[in-house]
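Subject: Structure handover

Hello,

Here is the structure for your work. My notes follow below it.

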Amino acid sequence: MTINLGFVVAEFNRDITYMMEIEAREHARFLDAEVTDTIYVPGAYDMPLAIKKMLTGGKVDAVVTIGCVIEGATQHDEIVVQHAARKIIDLSLEFGKPVALGISGPGMTRMEATERIDYAKRAVESAVKMVQRLE
């Protein structure tokens, strides 16, 4: 059985999320999963609505989020990730489907974000394993 994945990708810090997305797509192919739907959103904070739309459509077995939240001068990065992560968990439970957290941050520099590009690969791995184990 082919696992159908949906990707929700943040455009903020696109230089990094672009590399994350490429690595995630390559890993999905390696795991014989297919990325059947992709929605690009402005930032991590905007992901829950896109995830809900994707899960409501019923065409995906799991959703992978791909985003990067870099530390700024305020605690804005922490608030964004905490609230996005909480809603992502809620949507996974509401729809009974895995939604993998491939958002790096908060509290990291641009250099640290570049070093964490593999978070997207880990999120794909998590989504595929959860689909397999929950069948």
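How many bridges join strand β1 to β3, and do they run parallel or antiparallel? Five bridges join β1 (residues 3-10) to β3, and the two strands run parallel.

First, the ground rules. This is a predicted model, where local features need pLDDT of at least 70, side-chain atom pairs count only at pLDDT 80 or more, and totals for chains, interfaces and linings use all residues. Residues are numbered from 1 along each chain as its sequence is written, and side-chain values use heavy atoms, with hydrogens and water left out.

**Strand β3**

Helices (H or I, at least four residues) and strands (E, at least two) are DSSP runs, numbered from the N terminus. Two strands pair if DSSP finds at least two bridges between them. Val9 has Ile66 as its bridge partner in β3. Strand β4 (residues 99-100) also runs parallel to β3, joined by two bridges. There, Val64 has Ala100 as its bridge partner.

Strand β3 spans residues 62-68, and seven of its seven residues are buried. Buried means under 20% relative accessible area, exposed over 50%, and partly exposed in between (1.4 Å probe, protein chains only). Both faces are covered. Ala62, Val64, Ile66 and Cys68 lie on one side; Val63, Thr65 and Gly67 lie on the other. In a regular strand the side chains alternate between the two faces of the sheet.

**Helix α1**

Thr17 lies in helix α1. Thr17 counts as buried because its relative accessibility is 0%. Its side chain reaches the backbone oxygen of Ala10 at 2.8 Å. Leaving aside neighbours within four places in sequence, Thr17 is in contact (heavy atoms within 4.5 Å) with Val9, Ala10, Phe12, Ile66, Gly67 and Cys68.

Met19 has 36% relative accessibility, so it counts as partly exposed. Tyr18, Met19 and Ile22 form a nonpolar surface patch, with about 270 Å² of accessible area together. Patches are made of residues with over 30% relative accessible area and no salt bridge; like charges are joined within 9 Å, nonpolar side chains (Val, Leu, Ile, Met, Phe, Trp, Tyr) within 5 Å. A salt bridge is a side-chain nitrogen of Lys or Arg within 4 Å of a carboxyl oxygen of Asp or Glu.

Met1 sits in the segment before β1. Met1 counts as exposed because its relative accessibility is 72%. Beyond neighbours within four places in sequence, Met1 is in contact with Val131 and Glu135. The C-alpha atoms of Met1 and Asp32 are separated by 9.0 Å, 31 residues apart along the chain.

Best wishes

Methods. Areas by Shrake-Rupley, 256 points an atom, 1.4 Å probe, with all protein chains shown as cover. Polar contact = N/O pair within 3.5 Å; in protein donor to acceptor, adjacent residues only side chain to side chain.
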